[in-house]
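Welcome, and please have a look at the structure shown below.

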Amino acid sequence: MGKHRRAIFRFIRGRRAISTLLANALVVAMVISLGTMLFIWTTGVMGVYQGGAGIWFMTRSEAAKERLAIEEVWFTGPGNTKIEIYVRNVGANEIKIAAVYVNSTQAWTGTRTVYVGQVDNISLDLTASGLSWKPGCVTYITVATLRGNVVKGYWQAPW
Amino acid sequence: MLKHFRVRRKGIGTVLGAVYFIMIVITIFNVIMWEANQYSAYQQTVSLMNQDDQDRMSEGLEFPYPVIEYPINETGSIYDLLVRNTGSISVSVARIYVYKMFSNQMWILEKDINFTNGFINSGEINHKIRVVSSHDMRPSDPSVPNFIIYLATERGRTFSTYYPKTVSEYPPPGVNVGWIDIGPLRFIYDYRSLNYTTNTMSTPAPAWILKPYTGTTPLLFSVKVINLSNVSDIWLKRYCVFNCIELSWSGASGKTASFFIVDKLSTQPIPGAMFPYDETSPQILPKAPMPRPPLGGIPVIVKFGAKDWGTANPKPLFTQGGYPMYEYLVLMGFFYVWKGQDYGSTIPFVAIRTNTPT
């Protein structure tokens, strides 16, 4: 009993080892907190990066699968104000046509879905945009899709 | 060893740090592996689509003379379309468009409904696509093209021909009857490639024989030109001129009637329908989409009708009355900017007549 009392007394009165214990505890706490913060930050950054890269790869892949062919352009209509454009989806993904330009002026806008292997025609009424085709003139036609692909070419109007 | 590790009092922080480090490294490694997978999948898609593009570019169809045969009846609505596959890959025709010139009509022929036998193997030279339609394909005038036939393939290419063909497919060796090339310019000799209108005639007509034509009647000539160069567009200058040299033996005065270029929107040599050529917004002959394009490039119609350059003053061929039969040799002067430099060419073009009966 006396022996224990002396040991407790010596521990209370002692000036050494307490700093070592605290230092150890502090270091462990710092490692845990900093490590946890670093891990959370890393997983967050990686998640954000993965999300952005995933969207990039997905949109690029979807766009790369698009192939659109303008099969025929028919200049018609009263007052030379109509153009029929026949487009075929020859890609591996459905296509949404967003706009058509005639001589660099927007002549049609909207959303027209063309499925793989299908052909569709877009009727342009040039009256609203103040355009008209001239007999024999070469017309520059551009078809743009929602994913950002563009198909363009020159077609000559009939005499 | 384990007992030694268990009773140790030092190194807990190091162990925890190492664990965290390993976890972070594994996380980053996972992300790198994921990105490699994504990139691989993307490259696979691009490769597949590139292969499709190569297949598309490998297609090649031609229409051997006489383009259409009528094997069954003479009504003209059931016929065989002759096709030659000159490409390195088989072709499947998805749709046929028939454009009827002069009346501006379009007929669409669907696969398996209006035509059969649309699959053409590579190397086939006389393939027949059987067409059953409700439209008569017999030309009203066999000497001029009446139709344009477009074949659209399943890969997205389009091949076209005039029907009937008016230029022999196989000219004699060394003879070129279809066009003349001077510098980067190609001038076409189709029957419909040289046309004219007058102050009273708004519908263009072939200008090989102007008939009936009397003096003081202003003229507007239209010429089909192609830029063969795939390097640069060509900007035409206002000095471009269509010179008609009278041959005096036929009673003409021997003068030269010069028609200068006018705006491409001009349709007739009358005020409000003929516009002066403006060099600040010049007529452009677009460059060919590829070297040596199989169809020769993009045709553009250039119009001549002004008495002086840069004006819309109309000009007649001659001023005598009546309907004289004269002959003209046509020399064209083409002044243009190509690759940023000024050029000029004399084009020995055509010979035209007025009022001759044949």
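Let us begin with strand S13 of chain B, where both faces are covered: Leu194(B), Tyr196(B) and Thr198(B) are buried on one side, and Asn195(B) and Thr197(B) are buried on the other. In a regular strand, side chains alternate between the two faces of the sheet. S13(B) spans residues 194-198, and five of its five residues are buried. Here a residue is buried if 20 or more other C-beta atoms lie within 10 Å of its own, exposed if 12 or fewer do, and partly exposed in between, with C-beta atoms placed from the backbone.

A word on the model before going further. This is a predicted model, in which local features need pLDDT of at least 70 and side-chain atom pairs count only at pLDDT 80 or more, while totals for chains, interfaces and linings use all residues. Residues are numbered from 1 along each chain as its sequence is written, and chains are lettered from A and ligands numbered from 1 in the order in which they are written.

**Partners of S13(B)**

Helices (H or I, at least four residues) and strands (E, at least two) are DSSP runs, numbered from the N terminus. Two strands pair if DSSP finds at least two bridges between them. S13(B) pairs with S16(B) in the antiparallel sense over five bridges, and Leu194(B) stands opposite Val223(B) in S16(B). S13(B) also runs antiparallel to strand S14 (residues 205-206) of chain B, joined by two bridges. Asn195(B) faces Pro206(B) of S14(B) in this pairing. A hairpin with six residues links S13(B) to S14(B).

**Cores of chain B**

Chain B as a whole has two helices and 23 strands. Of its 358 residues, 31% are buried. Two residues are in contact if their C-beta atoms, placed from the backbone, lie within 7 Å. Among contacts in chain B between residues at least 6 apart in sequence, 66% join residues at least 24 apart.

A nonpolar core is a set of buried Ala, Val, Leu, Ile, Met, Phe, Trp, Tyr and Cys residues joined through C-beta atoms within 7 Å. Which residues touch the most other members of the largest nonpolar core? In this core of 47 residues, they are Phe221(B), Val225(B), Phe259(B), Ile261(B) and Val302(B). Strand S16 (residues 219-227) of chain B gives the most to this core, with six residues. Not counting residues up to four places away in sequence, Phe259(B) touches Leu219(B), Phe221(B), Val241(B), Phe242(B), Phe304(B), Gly305(B), Ala306(B) and Lys315(B). A second, separate core has 27 residues, including Leu61(B), Ile129(B), Val131(B) and Leu151(B).

**A closer look at Asn243(B)**

Asn243(B) belongs to strand S18 (residues 241-246) of chain B. Asn243(B) counts as partly exposed because it has 19 C-beta neighbours inside 10 Å. Leaving out residues up to four places away in sequence, Asn243(B) touches Thr256(B), Ser258(B), Val330(B), Leu331(B), Met332(B) and Gly333(B). Asn243(B) and Phe304(B) are 61 residues apart in sequence, and their C-alpha atoms are 9.7 Å apart in space.

**Sheets of chain A**

Turning to chain A, we meet an open sheet of three strands in the order S1-S2-S5, with antiparallel pairing. Strand S1 (68-76) and strand S5 (119-125) of chain A stand at the edges with a single partner strand each, so one side of each has no neighbour in the sheet.

Another open sheet of chain A has four strands in the order S4-S3-S6-S7, and its pairing is antiparallel. Strand S4 (105-114) and S7 of chain A are the edge strands, each pairing on one side only.

**Where the chains meet**

How many residues of chain A are in contact with chain B? There are 37 residues of chain A in contact with 40 residues of chain B. On the chain A side, helix H2 (18-64), S1 and strand S7 (150-156) each supply at least two residues. H2(A) gives the most to this side, with 18 residues. By class, the side of chain A that touches chain B has 21 nonpolar, nine polar and seven charged residues. For these classes, Ala, Val, Leu, Ile, Met, Phe, Trp, Tyr, Cys and Pro count as nonpolar, Asp, Glu, Lys and Arg as charged, and the others, Gly among them, as polar.
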